[in-house]
Amino acid sequence: MLAYALRRLVLAIPLILGITLISFMVIHLAPGEPGQTPGEMVTAEAKRAYEQLKVEYHLDRPLPEQYWIWLKRLARLDLGRSFAPHGRPVLSMIGERLPITLLLNIVEILIIVALAVPIGVLSATRQYSAFDKFTTIFVFVGFATPEFWLALLLMILFGIQLGWLPISGLRSPTAEYFTFWRQQLDFLSHLVMPIMVATFGGLAGYSRYMRQSMLEVVRQDYIQSARAKGLAERVVIGKHALRNALLPIITILALSLPTLIGSSVIVESIFAIPGMGQLMVQAAYERDYPVLMGNLVFVATLTLIANLMADIAYSLVDPRIRVGRRRR
Amino acid sequence: MRTLIAMSLVLSLAATGGCNREAAGSDPSTGPNTPAVGDTLIEASIANVSGLIPTLTSDSASHEVGAYIYNGLVTLGRDLEIVPELADSWSFSKDCLTLDFKLHPGVRWHDGKPFTADDVVFTWEATTNPKTPSPYRSDFADIDKVQALDPLTVRVIYRKPYAKALLSWGSASILPRHLLDSYNRDGKLRESPQNWTAPVGTGPYRFKEMKSGEKVVLVSNPDYFQGQPYISRVVYRIIPSQATIFLELKAKGVDLTRLTALQYRRQTDYPAFLKSYNKFRYAGSGYTYVGFNLKDPRFADRRVRRAIAHAINRQDLLDGVVLGLGRLATGPFRPGSWAENPNVKGISYDPRKAAALLADAGWKSKNAQGLLVKDGQPFTFELMTNQGNDERKKIAEIVQASLREVGIGVDIRIIEWASLLKEHVKKRSFDALVLGWGTGADPDQFVVWHSSQSGPDDLNHISYKNPEVDQLLETGRSSCVQADRVKAYHKLHEVLAEDQPLVFLYWQDVLPAASNRIFGIDPGPAGIKWNEPKWFVPKHLQRYTSG
């Protein structure tokens with residue numbers, strides 16, 4: 001197992017290199033160049049100011065050379081500096097934004113799984129019942145609803161009409177004057193709506209997968225034998241069927257790990273949450289190449305680790321699969 | 001407080017012309033509403049702040065925050081007149097080449113150190129340092145040297161007369177030598193703490209903290225030389241969605257923001273809103289236009305351009321796109337500003353005249369689809385604009401429909417901003433554009449109309465070439481005698497209106513809304529922020545206690 005994991009990690013390195021190379025080329029293929037404020041015309045003077053930076057950032061060199069320079073820096077774990085006027089290190093910029101995005105997305109996925117699994121199981125075991133039909137409609141409505149529209153509706157309802165929840169941001173503007181516990185409560189209340197919006201859409205996928213997977217498992221012979229053995233239905237479903245039905249969910253979970261840091265762009269923009277999604281969109285508009293490349297490295301690494309974890313988790317959960325062992 | 005907006009031609013919001021207030025309730029002389037210290041002002045911005053040294057940034061969010069922290073030597077008053085700020089008085093020499101400033105005594109930096117003339121010299125050095133990537137170096141390009149004659153007197157010597165001299169010392173934020181000297185020498189101003197974590201200025205507010213992408217918090221400066229501001233704190237929130245900002249305004253999470261035309265006219269007239277908010281309206285400093293690529297032989301013909309202008313019903317366009325919240329543009333100068341020639345009439349809506357002019361230019365017959373043809377080619381062109389701007393999209397559609405009536409076919413292309421700029425505007429690979437120009441406080445528009453400014457990185461992207469206009473632009477920008485400048489710009493206005501190198505559409509109004517617990521707001525051509533340190537919230541209305 002360990003050998004397998006190590007081998008996979010070693011193989012991941014050329015993979016990451018390949019990913020960064022292709023990404024680098026694609027980013028530079030996009031028309032437009034850094035030094036523009038999106039939406040505002042830049043004077044020739046500002047352009048000349050940018051020209052100075054061009055040399056400093058090696059943008060006047062040929063592309064392969066630029067890539068090589070970036071790679072050498074990466075080997076020292078230095079992601080370079082942003083092209084924006086503040087010129088801050090990319091690592092600091094990402095470091096500022098990553099925690100909140102991770103927090104939001106991890107909580108979101110946990111809630112989705114915590115809700116989707118029971119919904120899926122119950123829908124499967126009570127197939128075509130009123131519960132099944134209702135939840136089907138409910139999750140598909142959630143799937144079809146555009147996030148920003150739902151967000152605005154919730155803001156109007158909970159923020160303006162009922163006044164229960166704050167509308168946007170992470171903290172109240174005067175939060176530094178609150179007591180410690182009030183500050184935590186304030187922070188949590190700011191997260192409620194974004195998480196609600198994010199989970200509503202994601203529920204559909206997971207609950208349907210769960211339902212489908214459960215339906216297949218429940219028809220298997222070993223379920224029948226378990227029942228025949230006299231086991232309580234609760235044990236049959238909850239222990240034997242569930243374990244097998246969870247396998248596809250694990251795969252999907254693992255594959256969605258990379259989205260933990262990038263997918264919440266719309267939610268972050270509407271709710272004014274300073275996260276990675278916003279950072280990436282801003283960087284894309286401004287053609288802030290170092291920030292874009294830095295983020296890509298993160299996502300690529302995360303994806304590969306996630307895949308590895310998925311495979312290992314699989315082998316742990318499913319006794320039929322043993323990774324790395326040679327078959328005799 | 002500095003209210004001068006960046007000198008670069010970006011959409012700013014100073015204006016002239018009529019301004020009115022929609023709701024009453026701001027008379028400070030009545031009983032309980034006397035000026036009181038306290039409370040917090042919460043503003044919102046769509047864009048992130050990209051740096052805290054205004055010399056290095058060109059985006060409006062960074063400059064709005066900078067306006068709280070820094071001062072210039074002069075600033076703009078309510079009616080766009082130049083008023084003293086760090087300088088109490090100034091005088092030009094007879095030949096317009098020497099400008100002396102007498103500085104206000106007793107001004108201190110936020111860290112307590114005294115402000116002197118040497119800091120002014122330093123600001124000039126830092127901005128013109130070849131290692132500093134400043135978009136404003138051209139403001140100081142004609143300066144030979146800056147001398148501190150004594151700690152309170154600065155002498156600026158120009159190589160040739162520069163009309164914007166005085167104004168350029170208003171838009172420049174004065175920087176502290178004692179904190180930035182070493183960074184400037186190494187060319188590392190961007191990396192100084194001044195740019196991100198600890199900016200030190202002389203302005204009405206001191207920097208407290210900034211959480212990138214979230215908010216900037218400023219606290220009032222008790223030693224501010226013009227008197228401590230009444231409002232104790234300003235929180236500048238960054239909210240990237242216009243819809244969210246509007247909802248926050250309604251939920252009282254934001255105190256001051258600008259409304260869109262639709263919000264102003266249709267969504268803010270209900271009693272609950274009017275009870276808590278004042279709406280203001282003043283003429284903006286940006287106009288929208290349809291620009292032609294004058295290298296295209298069809299558009300090089302003035303009759304064609306004037307015909308297109310006659311074919312567009314600009315009043316309807318104004319009513320449709322911004323619900324009438326603007327004024328028609330006759331030329332590139334703000335309505336009501338001294339450079340505007342009030343006798344210049346706009347191009348009337350006259351489709352028959354349009355047809356006649358086009359016929360004159362050789363576009364006489366129409367083909368089967370109803371399009372004008374000349375030498376076998378139908379008259380069709382591509383109209384481009386940038387993605388993300390709903391108003392420009394609507395304008396493009398209206399122009400398309402209007403021109404179809406006179407037999408010109410228009411294809412609309414909406415392109416993402418950076419690509420539009422790089423692939424089409426800079427390469428001059430376009431037929432026509434719907435874009436906008438922002439005008440600064442000074443009417444000089446050399447960079448937009450002068451024939452020397454049509455390189456790929458310059459702003460005369462329609463490739464306009466008119467020797468008379470060139471002459472007028474040069475006269476306007478190099479004279480320091482007001483009467484001469486007025487004459488030059490009035491003539492320029494006439495010539496451009498006659499020539500129609502682009503179709504001037506309208507000047508958009510700026511529509512701020514502010515919580516009505518704030519007293520002291522006095523809208524004028526310069527907007528409303530020009531006297532922010534004088535705003536106050538009466539004790540009984542204060543909402544946020546600031547520790």
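The model is predicted, so to speak of a local feature requires pLDDT of at least 70 and side-chain atom pairs count only at pLDDT 80 or more, while totals for chains, interfaces and linings use all residues. Residues are numbered from 1 along each chain as its sequence is written, and chains are lettered from A and ligands numbered from 1 in the order in which they are written.

**Chain A.** Helices (H or I, at least four residues) and strands (E, at least two) are DSSP runs, numbered from the N terminus. Along the principal axes, the C-alpha atoms of chain A fill a box of roughly 80 × 65 × 40 Å. Of its 328 residues, 33% are buried. Here, buried denotes 20 or more other C-beta atoms within 10 Å of the residue's own, the C-beta atoms being placed from the backbone. Among contacts in chain A (C-beta atoms, placed from the backbone, within 7 Å) between residues at least 6 apart in sequence, 72% join residues at least 24 apart.

**The sheet in chain B.** Next, select the strands β5, β6, β8 and β7 of chain B, which form an open antiparallel sheet in that order. Two strands pair if DSSP finds at least two bridges between them. The edges are β5 (87-92) and β7 (143-150) of chain B, each pairing on one side only. Strand β5(B) pairs with β6 (residues 98-103) of chain B over 5 bridges, in the antiparallel sense. Within that pair, display Phe92(B), which stands opposite Leu99(B) in β6(B).

**Domains of chain B.** Colour chain B by domain, with bounds from an automatic or database domain assignment: domain 1 (1-69 + 203-280 + 511-547), domain 2 (71-187) and domain 3 (286-508). The C-alpha centres of domains 1 and 3 of chain B lie 34 Å apart.

**Nonpolar cores.** A nonpolar core is a set of buried Ala, Val, Leu, Ile, Met, Phe, Trp, Tyr and Cys residues joined through C-beta atoms within 7 Å. The largest has 181 residues, and those with the most contacts inside it are Ala151(A), Tyr289(B), Val503(B) and Leu505(B). Helix α7 (residues 180-218) of chain A gives the most to this core, with 11 residues. Centre on Leu505(B): its contacts include Tyr287(B), Arg314(B), Ala329(B) and Ile395(B), residues up to four places away in sequence not being counted. Finally, select Phe24(A), Phe83(A), Met93(A) and Ala283(A), which are among the 18 residues of a second, separate core.

Note on methods. Buried ≥ 20, exposed ≤ 12 C-beta atoms within 10 Å, placed from the backbone. Contact = placed C-beta atoms within 7 Å.
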